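Colleague: I've just opened this one and could use a quick tour. Can you walk me through it?

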Amino acid sequence: MQDNYIITIGRSIGAGGLTTAKLLGENLGIKVYDSDIIFETAKQSGLNPEIFKKKDERIPKHRLTSLFGLRSLAHGNGSITTDSIMNEEALFEIGSKTIRQIAETESCIIVGRCADYILRDNPRCVSIFITATLEARTKRLMDKHGLTEDVALRHIEQGDKRRSTYYNYYTFKKWGDSSSYDLCIDSSKLGNDLNKVVATIKYYLQQRNII
Amino acid sequence: MAEQIPLELGTERVGKLLKKYALPAIIAMTATSLYNMVDSIFIGQGCGPMAISGLALTFPLMNLSSAFGTLVGVGGATLISVLLGQKNYDMAKKVLSNVFLLNVIIGVVFSGLSLIFLDPILRFFGASDATIPYAKAYMIPILLGNIITHLYFGLNSIIRVSGHPQKAMYATILTVTLNTILDPLFIFVFKMGIQGAAIATILSQAVALVWVLRIICDKREFLHLDWKRLRINWGIARKSISIGMAPFLMNVASCFVVIFINNQLKAHGGDLAIGAYGIINRLIFIFVMMVMGFNQGMQPIAGYNYGAKQYDRTLAVLRLTMLCACCVTTLCFIVGVFFPRTAISLFTHDAELTDIAARGFTIAVLFFPVVGRQMVISNFFQSLGLARRAILLSLSRQLLFLIPFLAILPRFFDTDGVWMSMPASDFLAIILAEVLLANLKKKFRKEMNSETIVESSNN
């Protein structure tokens, strides 16, 4: 029996994606998984959460600091790949399994972590991307965390870059590209009112006969 | 498929786990090292001491070629294993066709450039008028068949990660066996000399490649090569090359170390010294590869238990692996110090070459009873994901400490100086490894203590 559903939410930094997810979760009475997906994953694999936390939504280090990522060493003519079990790809695989397992057992909202890609073959999965104009995002970060404009802008730039590199690396798609999502919403066009965003999503879910 | 992490890693007895994970790796490693030895043995026995030197001169060029193979191969295999884990077969097929074409391109370009500049390259590698004919005779067939070699290694590693590790192993065994049969046939029966050994190598890879291609083109598999849709996707190419860049640079660095060694040997000891190094290299290689097998077995166990914060188990598997590794390297030490001539007689009966090689072998392995620890520790850091320290340790023994000794010691001790630089570098590398390990252990202890305090205050 499959009457549970999953909503995945991708979000650019400062667009209010996480808050929307929490409001929507409250409204629908379902659980929201954000970084706490890590703890689920850790529980199931027997590993310590810290290991996952360090590598959460990050791509393998070897792409950033090329020389320090040694994956294989040459010995004579044959080269042997020696790889750590703690590598990012393996951890991503464990994470995906946890996400698929959660998707089978309960209705929930999963924020980020390539969940839309991992669950792309699940007909009861709705993928949403929430963005906003750069101005609105900067303002949200400044209000929420008391940052100066410069710091907020830098935060946005770095955060978006990190998320898109992570997403593009594992999914072979483009982060935030409309073809990857069922529904894309610009929260600033709804007056930055996240309750309106929630209402929009709910309307969409009804039209799709999900709820 | 991307690795599944078996939970037994955190609970099963460490000794039993190490046996289970290390044994297949040790077998695979031994097969690889035998593969490298076969050519040397037959060439040494069939073509004489100068041919051994000629062959030894080609090692760096062969390494460089395989470095280019890893540049596209490692990344391709990694990406495919990630994609198969997500059942994204369409994209995996695209990566596969990329791997195929990139291997062809790299094979052709590498061969073309190397063939055009073969003479200056070999001279730069330390060839003399006496040795260059042998090096060329061996290298020309190898370079002409370079595409076969690249495709065979590249596609076989894809087969390994796509759920058929056994078939990949059979392909390896097939090439080793064929090469062992064809080598004497071409050298002794057809009297083709060192050139025959090269042709035998390429032929046996060609046969294995046919088999590998049959597996990889099998349309019943989710992942197969589609001839009609072969094309390069530069986005994927960039991705896989950026993954392969680190191992590529490591391989290139190790190439240049060998070139430096050969040149120093040529300057201070002449052509035969280079051949002697070729023999010593091959002999030590077997033992080092066995240690690498133990290392591969240790990796998942140490990595998992570190991730689960079970430091006592993490250190237990390290201790056990270090013990095993030191047994292996001590065996190498015993052979090198007490029976060097017996081992060298596998390759040559030439009195002068045997003398040089025996002396070199004995000096080179002086610190081997403890060098096993260094190799394991550097791998241990890698399995824990502490890449910076791992790379420092692995470069220290083979590059950072070795190069200065290689530059200085031969000035005072001639050929002996070249050999001496190896144990000297081993010695410093061991100290560095032990210091880093002691530091890590201290950190473990601190963390364990602070956790017990937290636990007891909670109670």
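Modeller: Helices (H or I, at least four residues) and strands (E, at least two) are DSSP runs, numbered from the N terminus. This is a predicted model, where local features need pLDDT of at least 70, side-chain atom pairs count only at pLDDT 80 or more, and totals for chains, interfaces and linings use all residues. Residues are numbered from 1 along each chain as its sequence is written, while chains are lettered from A and ligands numbered from 1 in the order in which they are written.

Colleague: Is Cys114(A) buried or exposed?

Modeller: Buried, because 26 other C-beta atoms lie within 10 Å. The cut-offs are 20 or more for buried, 12 or fewer for exposed, and partly exposed in between, with C-beta atoms placed from the backbone.

Colleague: And how many helices and strands does chain A have?

Modeller: Chain A has 8 helices and 7 strands, and 45% of its 211 residues count as buried.

Colleague: Switching to chain B, where does Asp414(B) lie?

Modeller: In helix H16 (residues 402-458). Asp414(B) is not a glycine, yet its phi is positive, near 55 degrees. It counts as partly exposed, because it has 16 C-beta neighbours inside 10 Å.

Colleague: How many residues of H14(B) are buried?

Modeller: 14 of its 16, so that helix is mostly covered. After H14(B) comes Gly385(B), with a positive phi near 80 degrees.
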